[in-house]
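Me: Could you take a close look at the annotated binding site in this model and walk me through it?

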Amino acid sequence: MIRTALSGEIPNWLQGILLRNGPGMHTVGETRYNHWFDGLALIHSFTFKNGEVYYRSKYLRSDTYNSNIEANRIVVSEFGTMAYPDPCKNIFAKAFCYLSHIIPEFTDNCLINIMKTGDEFYATSETNFIRKINPQTLETLEKVDYTKYVAVNLATAHPHYDSAGNVLNVGTSIAGKGKTKYVVFKIPSSVPEGEKKKSCLKHLEVMCSVPSRSLLHPSYYHSFGVTENYIVFIEQPFKLDIPKLATAYFRGVNWASCLSFHKDNKTWFHFIDKKTKKDISTTFYTDAMVLFHHVNAYEEDGQIIFDVICYADSSLYEMFYLKYLNAEFEENTKHFSLPACKRFVVPLQWGKDAEIGSNLVRLPSTTATALKENDGSIYCQPETIYEGIELPRINYDYNGKKYRYIFAAGVQWSPVPTQIVKVDVLTKKSLTWREEHCWPAEPTFVPYPHAKEEDDGIILSSIVTSDPRKAPFLLILDAKTFTEVARATVDVELHLDLHGMFVPEKDLKSQED
């Protein structure tokens, strides 16, 4: 653990650990991953203790990591890189190799996010595997396979937490009993009294499922939304081709090539009632779009409002192939679809006499519309809140509730963040932090102990520098004014990461027992 060099003053109340996760190693021996999102997971942390900040990092010792390091080359496939182990010696062995990859054994290189279930912490990605970690030492612990608890082949790395600490998540069950479906499940925050040493995962509960509109082409999704009474799930025309997935190994192509954007298709909205565990029967849709991150969702006056970061196409994923991250990067990014934060408003009830083509949105504060169609379906058009932001975070105390502030990374001209942005969704005004040669990570909001207003707190963001003469640092901003409170400089090669969470000291107590 490395003690950082401080400028400014760390608030006395800030005690805990900021955990971050992302790709860290892109070459093994003489082999190299094709895509930035494929790199071997590197967990790093900033520990706040008595006014000091300490840095630690460790590679996730996944089975994938161990196999690759032992072979000194990439032998486990990732989404953008198909790996081929030692060549099969004869035609029968080769046929067996191909057949064994029809239902892929996905990687446990959990490089996207950190999830808390009960007193346990897990590194997560979008496969059926998660890896338990010790948040204080970053030691890699058990490997967990979701399929032992719920029939899903894929699951999001962006779960939600309800007020009781239960985890809500969504996964895809591919062609189970002839039905491809999206499964909503809950992991309880605790176990029954007599099972203290058992994992909360053993009590996982399936809440409901939504059939995919296409048996062989389910939607890709990276996150979802929740309100007080509903799960908000978006089935977008960015689809996974199951037949192509099953033959990818045989054809010598990566799994990412099995994803395609269908620009002429619609985007479908699902609203699952938490009480009835059923999808609302009315059909809601909008035009083709691609989204990775939900910002927040809530209910107001019989309507569901949800904010998402949208793209016109799937070019974001393409931009992160390593062949494009070169000297011509700025030229390549001209083909990058700019993200925009958009607000959709969906009415849950309306009069039977509502005219065809009439706008059913009753909120005066938005320009979003929901038009009644001849067949009874509702065509939704969004309001653009703000352009050029990604990796959105909010004060999570307002998750599923009416809120006002988004904290995000600014990506005005390229997919690499160059600033941190605070957006007021009410006034559309913004505050920004930026510094020359600085690439900020996803901003994490930490509320003051006795916060009264939504933006009473601080922002934490690890900053990578593009100038080799400038050391990377952890930035601490006042969330209300966006003025710098402190920075903790660390003399290491800091990597751009993806997601993470702040763990207050009180939630670490059980780790010491």
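Reply: An unreviewed UniProt entry lists His158, His222, His293 and His499 under "binding site"; positions follow the numbering used here, feature names are shortened, and annotations may be inferred rather than shown by experiment. The four span 342 residues in sequence, yet no two of their C-alpha atoms are more than 12.3 Å apart, so they gather at one spot. From this set, His222 is part of the lining of the largest cavity (a set of points on a 1 Å grid over the protein atoms alone where a 1.4 Å probe fits but cannot get out; lining residues have an atom within 4 Å of a point).

Bear in mind that this is a predicted model: local features need pLDDT of at least 70, side-chain atom pairs count only at pLDDT 80 or more, and totals for chains, interfaces and linings use all residues. Residues are numbered from 1 along each chain as its sequence is written, and side-chain values use heavy atoms, with hydrogens and water left out.

His222 sits in the loop between β16 (205-211) and β17 (225-226), strands being DSSP runs of E, at least two residues, numbered from the N terminus. His222 counts as buried because its relative accessibility is 8% (buried means under 20% relative accessible area, with a 1.4 Å probe and protein chains only). Beyond four places in sequence, its contacts (heavy atoms within 4.5 Å) include His158, His293 and His499. Its side chain also makes a polar contact with that of His158, at 3.0 Å (a pair of N or O atoms within 3.5 Å, where one must be able to donate a hydrogen and the other to accept it; residues adjacent in sequence count only if both atoms are side-chain atoms).

His499 lies in strand β38 (residues 499-504), and is buried too, at 3%. Among its contacts are Arg20, Asn113 and Glu442, while its side chain makes a polar contact with the His293 side chain at 3.3 Å.

Technical notes:
On a 1 Å grid over the protein atoms alone, a cavity is a set of points where a 1.4 Å probe fits but cannot get out, and a pocket is an open set with protein on both sides within 12 Å along at least five of seven lines; lining residues have an atom within 4 Å of a point. Helices (H or I, at least four residues) and strands (E, at least two) are DSSP runs, numbered from the N terminus. Buried means under 20% relative accessible area, exposed over 50%, partly exposed in between (1.4 Å probe, protein chains only).
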